[in-house]
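Let's explore a protein model together, one question at a time. Take a look at the sequence and the 3D view before reading on.

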Amino acid sequence: MNGVVNPLIIVAGLLGNSLTIVVMSRITSKSSCYQVYLMALAASDLAVVLTEIGSDWLFFQFGVPLDAANVVLCKTRTWMVYSFGTLSSWLLVATTVQRSLAVLRPLNVNVICTTRRARGLVISIAVVIFAMHSNLIRTFDITQRQGAYANKTSCAVINDDFLAVWSVVDLLVSSLVPFGLLGASNAILVWTLARSLRHARRQLNAAQQAPRGGKRVEKVSSLSMTLVMLSLVYFLLTSPVCVQVMLESNSEPPTDRISMATHVVILDVWRCLWRASFAVNFYLYLLTGSKFGTRRTI
């Protein structure tokens, strides 16, 4: 699976996230904040593709264990993978919450959604997340695995007690809390958008201005639909591995060979889905809006 799926994710992630950054950087609007969030999200996803998926593929393809070759690389890669993975989740949350607030209070959209506020929020979120994950620099090191992995040097946690606590904290911060916020924001977004569209259609039918109104409805709905789709796909791709982590924390590991092999295959599938979440956003932009709909509606 590493030899087939990971290269596809790497190519799709490098191409899609790079194109997103290029397209967003060419937007000239100074009053919108969404290109700031989506550029930051693409950059964070790109970092995960390079540091997590790329390094694993190099090890599988060429036997180059980057994180186990040097203590600094071990600590730095671990810190970056966890930090950027969490950052991507919270940037999607920030974008969706921002959009739901703008839809709820359209008269204040120019105050709520500004590039200055967006940049400040992105920087603040990044600083908090990277600072929170800085403890990984102390707790990960190059170790010699015992038992079945004798003579295998790897970058791993050196404190099992810390790992037990950190697994729960990371699950909450990186997945469960973002899931809750995204669910609430998207519920508000879909409900408000549906109500606004019904009201707009009634007004347009009464005034017989369908051609002009049709463009307005399309512009209003395109970005919101994109964010709803991003949130849905994010949930579908990342929730399986979250469920797996929760199940493993409350159960004994498999002991017989068949169960162990099945467990490894299932975990690999869930991990591939999680990794794919960092490579699909650009293609969702294309699906939910013609000619890169986010650029047209921002």
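Here are some questions and answers about this model.

This is a predicted model, in which local features need pLDDT of at least 70 and side-chain atom pairs count only at pLDDT 80 or more, while totals for chains, interfaces and linings use all residues. Residues are numbered from 1 along each chain as its sequence is written, and side-chain values use heavy atoms, with hydrogens and water left out.

Q: How many helices and how many strands are there in the protein chain?
A: Helices (H or I, at least four residues) and strands (E, at least two) are DSSP runs, numbered from the N terminus. Along the sequence, the pattern reads α-α-α-α-α-α-α-β-β-α-α-α-α-α. The tally is twelve helices and two strands.

Q: In which helix is confidence highest in the protein chain?
A: Confidence here is pLDDT, the predictor's own score for each residue, from 0 to 100. The chain has a mean pLDDT of 80, and 80% of its residues reach 70 or more. Confidence is lowest in helix α12 (residues 293–297), with a mean of 44, while the highest mean, 93, belongs to α6.

Q: Over residues 293–298, how many contacts beyond four places in sequence does the model have?
A: Contact means heavy atoms within 4.5 Å. The pLDDT stays under 50 over these residues. Where pLDDT is low, the predicted coordinates should not be read in detail. With that caution in mind, the model's count for residues 293–298 is 24 contacts.

Q: What percentage of the residues of the protein chain count as buried?
A: A residue is buried when its relative accessible area is under 20%, exposed when it is over 50%, and partly exposed in between (1.4 Å probe, protein chains only). The chain has 298 residues, and the share that counts as buried is 43%.

Q: At roughly what angle do the axes of helix α4 and helix α6 cross?
A: Axes are lines fitted to C-alpha atoms, for helices over the stretch in contact, and angles run from 0 to 180 degrees between N-to-C directions. Helix α4 spans residues 71–104 and helix α6 spans residues 115–132. Their axes come within 9 Å of each other, and the crossing angle is roughly 145°.

Q: How many nonpolar residues are in the contact of α4 with α6?
A: On the α4 side, the residues include W79, F84 and W90, and they meet α6 residues including L121, I125 and F130. Ala, Val, Leu, Ile, Met, Phe, Trp, Tyr, Cys and Pro count as nonpolar, Asp, Glu, Lys and Arg as charged, and the others, Gly among them, as polar. By class, the contact of α4 with α6 has no charged residues, two polar and twelve nonpolar.

Q: Is T95 buried or exposed?
A: T95 sits in helix α4. Apart from neighbours within four places in sequence, T95 is in contact with Y34, Y37, L38 and L227. Because its relative accessibility is 1%, T95 counts as buried.

Q: Which residues does M80 touch, not counting residues up to four places away in sequence?
A: M80 is also found in helix α4. At 25% relative accessibility, M80 counts as partly exposed. The residues touched by M80 are T51 and G85.

Q: Which residues is S174 in contact with, leaving aside its neighbours within four places in sequence?
A: S174 belongs to helix α8. With a relative accessible area of 10%, S174 is buried. Its contacts are T86, S89 and Y234.

Q: What distance in space separates L104 and T192, C-alpha to C-alpha?
A: L104 lies in helix α4 and is partly exposed, with a relative accessible area of 40%. L104 touches I188 and T192, not counting residues up to four places away in sequence. Although L104 and T192 are 88 residues apart in sequence, their C-alpha separation is 6.8 Å.
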